[in-house]
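This report is meant to be read with the structure open beside it.

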Amino acid sequence: MPAAGAADGLADFAFTHPGILHTADDLARMRSAVATRQSPIYDGYLALAAHARSQSTYTVQNTGQITSWGRGPANFQNQAVADSAAAYQNALLWAVTGDRAHADKARDILNAWSGSLTIVTGADGPLGAGLQGFKFANAAELLRHTGYDGWADADIARCAASFLDVWYPAVSGYMLYANGNWDLTALQTILAIGVFCEERALYEDALRFAAAGAGNGSVRHRVVTDAGQGQESGRDQGHEQLAVGLMGDAAQVAWNQGVDLWGYDGNRILANAEYAARYNLGDDVPFTPDLDRTGKYVKTAVSAVSRGTLPPVYEMYYAHYAGVRGLATPHTQAAVFRGTGGIRVVEGSNDDLPSWGTFAYAGAAAPAPSVPTPPAGLTADGDAHAVTVSWLPSAGATRYEVRRAEHPGGPHERLAEVRSPSYSDGGVRPGRTYYYSVVAANSLGRSGSSAVVSATAGLPRPWRTRDLGAVRIPGSARFDGERFVLEASGTADTYRLVHLPLHGDGSVTARIVWPLSSQYAKTGVTLRASLDPSDAHASTLIQGLPLHTWSGVWSVRPAAGAGISATGSTPVPPSQQRAITTGAGFPISDLGTLPESATPLTAPYVEGAGDGYRLRAPYWVRVTREGDRCTGAISADGVRWTEVGSTVCELPRTAYAGLVLTSCLGIDEEYAETGTGAFDNVSVVSRGGAGWRVPRPVRRATDLLAAAGSGGVELAWTDPDPSARYTVLRAPSAHGPYRTLARDAGAVGFGTRVRYTDGSGTSGTTYHYAVAKTNCAGRGPRSASVGAVMPAVTTATAPPAAVVPALPEPWTGGDLGDVVLDRGAYGTLGVVAVLTPGDAAYADGAFTVRGAGADLNVNSQGMTGQFVRRQVSGDCELTARLVSRSGATADRVGLLMTKSLSPFDQAAGLIVTGGAGAQLMLRPTVAGASAFTGTAAVRLPLLLRLKRTGTAFAAAVSADDGVTWSPLATGTIPAFGDAPYHVGLVVCSRTPSALGTAQFEEVSVALT
């Protein structure tokens, strides 16, 4: 077959503008209807034009004061909701009416946010970024591509940079830890940013996720039955219909770029809209019990909560499926015409959705035939017999040409012509990696080529795969040339294993990467005596321990038939088993026997949240064998390792080394789910023979950009692998010589866009840069070089660190929460982020404690602040004199007893707020709200006493040196347990950027 390439004259990929929610044809339809007062579009226009956020006199909420924004807890949340809606609505009115005042208002809003916002915050911050970011992007697209000349090029560039550098990192990992509506907010916003910024890698990544993503928001995980049941149908109808709307938004963006997500998988998302409309209009629907991909949400019946309240989502579906495609949509149509006597209900506003569907979509018709756009959302999945390539249809395509190459750069040969968006390539050799692309065609011509996707026919030799233990759903494993991707069902005691023989001493190493779909998975590397589940093994696992954090666990069965131990550095007391699972404030499934102890991962690799910690970045695992001793270790960078455990283990000379995953969802029912996990940088080193390591990267970065910025030369490029790592090189000329600047540059968290700033050069000098993808096998091909002039860079000189007197043993200090040392390492700042680290000192019998933090009841879930503590067991009386406090007006300081150092754990405290009111604080439930009772007005200095007796806690204060005590309140924490716990002094300024200071004297701990 002839090779396909440039000689074929394939058109370059090009985005359509405007092309997020509205195209030029859409706007012309609206414009004509408004001019002629054509109902129902004109009716929708009148509703939009009358809305308060549609006025050109709207008062912009962000006047430059919003440098961080988020939700959960609210951080200028309402201001972003209002401004994003106003920007979109004013931009749309400008595009239809031509009234510049609306354009000016939308411009002012976009300029304000792009000029001030630096980061997104809160447990629900990523969700908010996906909701509000989509409206901002739509506004920007409309302003930029509808003839408005009042938006300066520099402001447009700053807006694009804000989308890429602030909004995108907040959503780039698709929030696999949440319900599907979260994933969908990310999907729609990444699509929108990809279109506005013309970043094809982001656009393709979003469509790949829609087609085959591991989370709840991909089409087949979102619409869980052929009948149209949604993943949140059993939750409540508000969230379920929100997800219907979000999926429609994503499908409309794809359609406007020529990709038919609407029609994917037999119009599957139409079935979801029909199901939701049918149920919310009062009819019964079939329901199949369902477990979601995270493992948190088990639903056994359709939910009637919020039933009958229909958001503005159905006009879009009706317009596309009935108007554009001519399909029957009885329930969606009924939702649109649900007014008295069957009249049309004009869709209005919604804070979470763009809304105004009657105006924006009514009257839509099939577009004129055209040459199809390149297929998108390509995925490839191989076994030893065939590789199956699938993609999202191109609108208007009648056939597809599938192409294959044995190298990423080609040549790509024509393999087959098919009429459906899937092809099974049976002409493969087991263990070989292939590279596929697809071209769409119809009678008018052919598209350009799709992005290239790779897959291996089965696993590379000598790897093999199987399930360990009895599982209800068989697992699987695939390899794409760089990553192993495993699917596993089962409970805590079963695994999917990918294995090869290891002769003699040696090690197995891997990096756990995106995606990991279950928050409670156990995944890692293992050495095993055999493939018998009951035989000896030693494994280093990263395990999702709810509200204890993702942790390294050393899991060992030292001999065949022996029990399994699971240990690390920090105890997980048996008394916590129920408290952090089925008894938590956000209850989850029983996860089986938890480890005795575990070695916690820390921020920024994890993020604390009330529904379980979130894994936010790749992490390395290793098991090493020397003789009969096996040792496990974990690492953030693959260079500096932390030992998790070491055990004598009965392994034969030839053992099995491998990768393991269990979804650990705790559900063994017909509706059980599998979980997805992935590994890269896999290597097996054998001192007794040949080992194996993943091949060196073959992909070359092709879109490297360099520009002068405030911190130096800013580099940016993309890679479809969201966990990719690069070596950054610099030279005085394009011809070299190049020296290494950085070896582990990657996206913030998980994402397809990588940034790196070089501030180390001489001002005014032109430097040339290149990047090369890197893994454990070495460096891949170097990109073409780009040049930039080094700007003048001002480097702030940090003041010398203060010498803090050591705390007396057994006292130690530290912040509760996720300490943020470098904001650049975070896509969002989580609910228990500590932006200003605290400290503590001891001198002359007094403790001086300085702490920042948001609250001791942040988001009604957790605590942040400096905690000076010691560990005790049994009943205890903690007493201290609070001498003074300063630095914050509404601070919370006092005494604290907490079950562990997790900021979400059960706790009791005697807390003085603002120096004026003392209360007993109790958090009886893990990740539940703290209750404050027994308020008493106080003045400092003041003696504080907090006493535990079994499960009861009592707080009292004394203003006369302990002669008399005034009880504040008593309360119980029934499941506090008998394990050792922490007692001490806590200071929270309740101002994240400022430290509050408190001085304590006469501190005593008495075991009673």
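In this predicted model, strand 53, which covers residues 942-949, pairs with strand 54, residues 952-958, in the antiparallel sense over seven bridges. One of the positions to look up is Leu943, whose bridge partner in strand 54 is Ser958. Strands of a sheet pair through backbone hydrogen bonds, either parallel or antiparallel.

These two strands belong to an open sheet of seven strands, in which the order is 45-46-57-48-53-54-55 and the pairing is antiparallel. Which strands stand at the edges? They are strand 45 (839-843) and strand 55 (966-972), and each has a single partner strand, so one side of each is left without a neighbour in the sheet. From one strand to the next, the twist averages 25 degrees.

The largest nonpolar core holds 123 residues, and those with the most contacts inside it are Phe163 and Trp167. Helix 3, residues 77-97, gives the most to this core, contributing 11 residues. A second, separate core has 62 residues, among them Val525, Leu527, Ile580 and Tyr619.

When residues up to four places away in sequence are not counted, Phe163 touches Gly133, Phe136, Ala137, Ala140, Tyr168, Ile193, Phe196 and Cys197. One of these residues, Phe136, also forms an aromatic cluster with Trp69, Trp113 and Trp167.

Across the structure there are 31 aromatic pairs. One of them joins Trp463 and Trp692 in an edge-to-face arrangement, with 5.3 Å centre to centre and 85 degrees between the planes. Trp463 lies in the loop between strand 13 (453-456) and strand 14 (464-468), while Trp692 is in strand 32 (residues 692-693), so the pair ties together parts that are 229 residues apart in sequence. Both Trp463 and Trp692 are buried.

The cysteines can be considered next. A disulfide is a covalent bond between the sulfur atoms of two cysteines, and a search of the whole structure finds zero disulfides. The table lists how accessible two of the cysteines are.

| Residue | State | Relative accessible area |
|---|---|---|
| Cys159 | buried | 3% |
| Cys876 | buried | 0% |

Conventions:
Residues are numbered from 1 along each chain as its sequence is written. This is a predicted model: local features need pLDDT of at least 70, side-chain atom pairs count only at pLDDT 80 or more; totals for chains, interfaces and linings use all residues. Side-chain values use heavy atoms; hydrogens and water are left out. A nonpolar core is a set of buried Ala, Val, Leu, Ile, Met, Phe, Trp, Tyr and Cys residues joined through side-chain atoms within 4.5 Å. Buried means under 20% relative accessible area, exposed over 50%, partly exposed in between (1.4 Å probe, protein chains only). Helices (H or I, at least four residues) and strands (E, at least two) are DSSP runs, numbered from the N terminus. Contact means heavy atoms within 4.5 Å. Two strands pair if DSSP finds at least two bridges between them. Axes are lines fitted to C-alpha atoms, for helices over the stretch in contact, and angles run from 0 to 180 degrees between N-to-C directions. A disulfide is a pair of cysteine sulfur atoms within 2.5 Å. Rings of Phe, Tyr and Trp (its six-membered ring) pair if their centres lie within 6.5 Å; planes under 30 degrees apart count as stacked, over 60 as edge-to-face and the rest as tilted.
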